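These are my notebook entries on a structure that I looked up. I record each point in the order in which I examined it.

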Amino acid sequence: MTRAILRHAAWHLGADTTPGIPQDPQCAVQCGTCGERINVPAASREAAEDWALEHTGKHPAHQTYRAARVTYWRVSPTGANPYPKDEGADAHETG
């Protein structure tokens, strides 16, 4: 039998403002045949569509794509949460 101690901790979910993380939603498009992908700002949907058309033009057998709107979130400790704010994502996992 495995024993565990669970405790309540307050967390906040919000936009990830880490430097280098896109702040605006992204459009991620991936070729269903070879897996090649592109990320462009969601406001530039035309650029994503152009990429898919050009990719099929170069590779006529590549005709399926997956497109998704991507935003980046971060969960941070708040209030009396015992987890330090600046530790890595895996710092509290145990095996």
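I first noted how the elements are assigned: helices (H or I, at least four residues) and strands (E, at least two) are DSSP runs, numbered from the N terminus. I am working with a predicted model, in which local features need pLDDT of at least 70, side-chain atom pairs count only at pLDDT 80 or more, and totals for chains, interfaces and linings use all residues. Residues are numbered from 1 along each chain as its sequence is written, and side-chain values use heavy atoms, with hydrogens and water left out.

**Entry: the nonpolar patch**

I looked up which residues make a nonpolar surface patch, and found Trp 11, Leu 13, Trp 73 and Val 75, with an area of about 480 Å². Patches are made of residues with over 30% relative accessible area and no salt bridge; nonpolar side chains (Val, Leu, Ile, Met, Phe, Trp, Tyr) are joined within 5 Å, like charges within 9 Å. A salt bridge is a side-chain nitrogen of Lys or Arg within 4 Å of a carboxyl oxygen of Asp or Glu. Accessible areas come from the Shrake-Rupley method with a 1.4 Å probe, and for residues only the protein chains shown count as cover. At least two residues of the nonpolar patch come from each of strand 1 (11-15) and strand 5 (73-77). I placed Trp 11 in strand 1. Trp 11 is partly exposed, at 43% relative accessibility (buried means under 20% relative accessible area, exposed over 50%, partly exposed in between).

**Entry: the aromatic pair**

I found one aromatic pair in the structure. Rings of Phe, Tyr and Trp (its six-membered ring) pair if their centres lie within 6.5 Å; planes under 30 degrees apart count as stacked, over 60 as edge-to-face and the rest as tilted. The ring centres of Trp 51 and Tyr 65 are 6.0 Å apart and the planes stand at 80°, so I recorded the pair as edge-to-face. Trp 51 belongs to helix 1 (residues 45-58) and Tyr 65 to strand 4 (residues 65-70), so the pair links distant parts of the chain, 14 residues apart. Trp 51 is buried at 13% relative accessible area, whereas Tyr 65 is partly exposed at 27%.

**Entry: His 62**

Where does His 62 lie? I located His 62 in the loop between helix 1 and strand 4. His 62 is buried, with a relative accessible area of 14%. The side chain of His 62 makes a polar contact with that of His 55, at 3.2 Å (a pair of N or O atoms within 3.5 Å; within protein, one must be able to donate a hydrogen and the other to accept it, and residues adjacent in sequence count only if both atoms are side-chain atoms).

Note on methods
Buried < 20%, exposed > 50% of the residue type's maximum accessible area, 1.4 Å probe, protein only.
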